Amino acid sequence: MSTLMREEGFRYAFNPLACESCEGRCCTGESGYIYVSKAEIEKIAELKNMDTREFVEKYLFKKMYKYSIKEKKVGESYECIFYDKDANGCTIYDARPSQCKTFPFWDYYKKRVDELKLECPGIVDV
Ligand code: SF4
Ligand code: SF4
């Protein structure tokens with residue numbers, strides 16, 4: 001049975017089974033921004049059973065007028081602070097931000113499929 005995910009307007013599909021052996025390439029690698037909205041901040045803080053202000057100070061940083069999740073440097077690479085290599089996954093999965101939920105179907109990649117394929121082994125031409 002096919003497990004491919006598709007989104008209208010995108011000329012590729014995504015095979016989520018690829019995540020099992022990928023070692024979180026979308027959560028690690030080059031440094032980047034993982035933006036979180038106010039509602040998402042509250043949801044993640046609740047999941048972590050933390051006061052919102054305490055959560056913001058510990059896990060986020062301000063980029064212009066937005067908040068982004070902190071990263072940790074691992075060797076020459078960077079990892080989202082919520083990525084757990086041993087568990088091969090996101091420790092806040094149920095409350096992960098929209099930016100993470102919608103990957104790999106970002107408008108940015110609509111015309112950059114080759115670039116996306118370098119990052120995500122689950123991309124399939126359709
Ligand atoms: S890069 Fe692609 S295959 Fe790897 S964890 Fe992220 S979504 Fe899954
Ligand atoms: S919040 Fe979770 S899904 Fe998003 S980058 Fe961090 S570890 Fe990955």
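Analyst: The structure holds 4 salt bridges, a salt bridge being a side-chain nitrogen of Lys or Arg within 4 Å of a carboxyl oxygen of Asp or Glu. Bear in mind that this is a predicted model, where local features need pLDDT of at least 70, side-chain atom pairs count only at pLDDT 80 or more, and totals for chains, interfaces and linings use all residues. Residues are numbered from 1 along each chain as its sequence is written, chains are lettered from A and ligands numbered from 1 in the order written, and side-chain values use heavy atoms, leaving out hydrogens and water.

Let's start with E42 and K38, one of the salt bridges, whose closest N and O atoms are 3.3 Å apart. Both residues belong to helix 2 (residues 38-47), with 4 residues, about one turn of the helix, separating them. Helices (H or I, at least four residues) and strands (E, at least two) are DSSP runs numbered from the N terminus. For exposure, buried means under 20% relative accessible area, exposed means over 50%, and partly exposed is in between, using a 1.4 Å probe and protein chains only. K38 is exposed at 66%, while E42 is partly exposed at 38%.

D107 and K110 make another of these pairs, with 3.4 Å between the closest N and O atoms. D107 is exposed at 59%, and K110 comes out as partly exposed at 33%.

Then there's E79 with K72, where the closest N and O atoms are 3.9 Å apart. E79 counts as buried because its relative accessibility is 8%, whereas K72 is partly exposed at 28%.

On to the strands. Strand 6 (residues 71-74) and strand 7 (residues 77-80) pair in the antiparallel sense over 4 bridges; pairing requires at least two bridges found by DSSP. E71 faces C80 of strand 7. The two strands form a hairpin with 2 residues between them, and G75 in that turn has a positive phi of about 65°.

Elsewhere, an open sheet of 3 strands runs in the order 3-5-4, with antiparallel pairing. Strand 3 (35-36) and strand 4 (60-63) are at the edges with a single partner strand each, so one side of each has no neighbour in the sheet. Strand 3 pairs with strand 5 (residues 66-69) over 2 antiparallel bridges, and Y35 has S68 in strand 5 as its bridge partner.

C80 turns up again around ligand 2, together with C27, I34, I69, F82, Y83, C90, I92, P97 and C100; a residue counts as near when one of its heavy atoms lies within 4 Å. That shell has 10 nonpolar residues, no polar and no charged ones. Here Ala, Val, Leu, Ile, Met, Phe, Trp, Tyr, Cys and Pro count as nonpolar, Asp, Glu, Lys and Arg as charged, and the others, Gly among them, as polar.

Ligand 1 has a shell of 8 nonpolar, 1 polar and 2 charged residues, including F14, R25, F103, E119 and P121. Ligand 1 sits in the largest pocket. On a 1 Å grid over the protein atoms alone, a pocket is an open set of points with protein on both sides within 12 Å along at least five of seven lines, and a molecule sits in it if more than half of its atoms lie within 2 Å of its grid points.

Methods:
On a 1 Å grid over the protein atoms alone, a cavity is a set of points where a 1.4 Å probe fits but cannot get out, and a pocket is an open set with protein on both sides within 12 Å along at least five of seven lines; lining residues have an atom within 4 Å of a point.
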